[in-house]
Amino acid sequence: MKKHVLHLLVLSHVFSVSSMKTVCIDQLERNFLAPDNVVDILQLAGLCDAPRLSLVCTRMIVGDFKTVSLTDGWKVMRRVSPSLEQELLESLVEADTVSSR
């Protein structure tokens with residue numbers, strides 16, 4: 001499962017196999033997310049209509065922004081999706097504001 005979970009997520013989304021999609025999202029959240037792939041998975045979550053996975057990814061990015069912002073995934077995302085970068089930076093500022101209170 002781990003080897004093919006990203007492909008299975010895409011296929012389950014395209015072919016509307018909700019039970020498989022749920023299993024894939026759960027596997028990604030529990031066993032697969034890491035600072036070096038979280039930006040890529042966030043983008044995939046957006047394409048596959050997986051809001052919970054998007055939220056988990058965003059929280060991970062905000063929680064370890066320094067590490068994530070140095071990854072190749074972040075650098076590519078900045079180039080191809082500046083609006084997503086802006087959203088993530090706004091989430092970072094919001095989280096910082098909340099923690100400062």
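The buried residues of helix α2 (buried means under 20% relative accessible area, with a 1.4 Å probe and protein chains only) are covered by elements that include α1 (5–14), α3 (38–47) and α4. This is a predicted model, where local features need pLDDT of at least 70, side-chain atom pairs count only at pLDDT 80 or more, and totals for chains, interfaces and linings use all residues. Residues are numbered from 1 along each chain as its sequence is written, and side-chain values use heavy atoms, leaving out hydrogens and water. Helices here are DSSP runs of H or I with at least four residues, numbered from the N terminus.

So which residues of α2 are buried? They're Lys-21, Cys-24, Ile-25 and Leu-28. They sit on the same side of α2, because they cover an arc of only 100° around the axis, judged by the directions from the helix axis to the C-beta atoms. Turn to the face pointing away from that buried side and you'll find Ser-19 and Arg-30, both exposed, which means over 50% relative accessible area.

Now look at α2 (residues 18–32) beside α4 (residues 51–63): they pack at an angle of about 10°, with axes 10 Å apart. Axes are lines fitted to C-alpha atoms over the stretch in contact, and angles run from 0 to 180 degrees between N-to-C directions. The two helices are therefore roughly parallel, a label for angles under 35 degrees. Ile-25, Asp-26, Leu-28 and Glu-29 in α2 meet Arg-52, Leu-53 and Val-56 in α4, with contact meaning heavy atoms within 4.5 Å.

Finally, check the loop between α1 and α2 for Ser-16, which has a positive phi of about 55° without being a glycine.

Methods:
Parallel < 35°, antiparallel > 145°, perpendicular 65-115°, else oblique.
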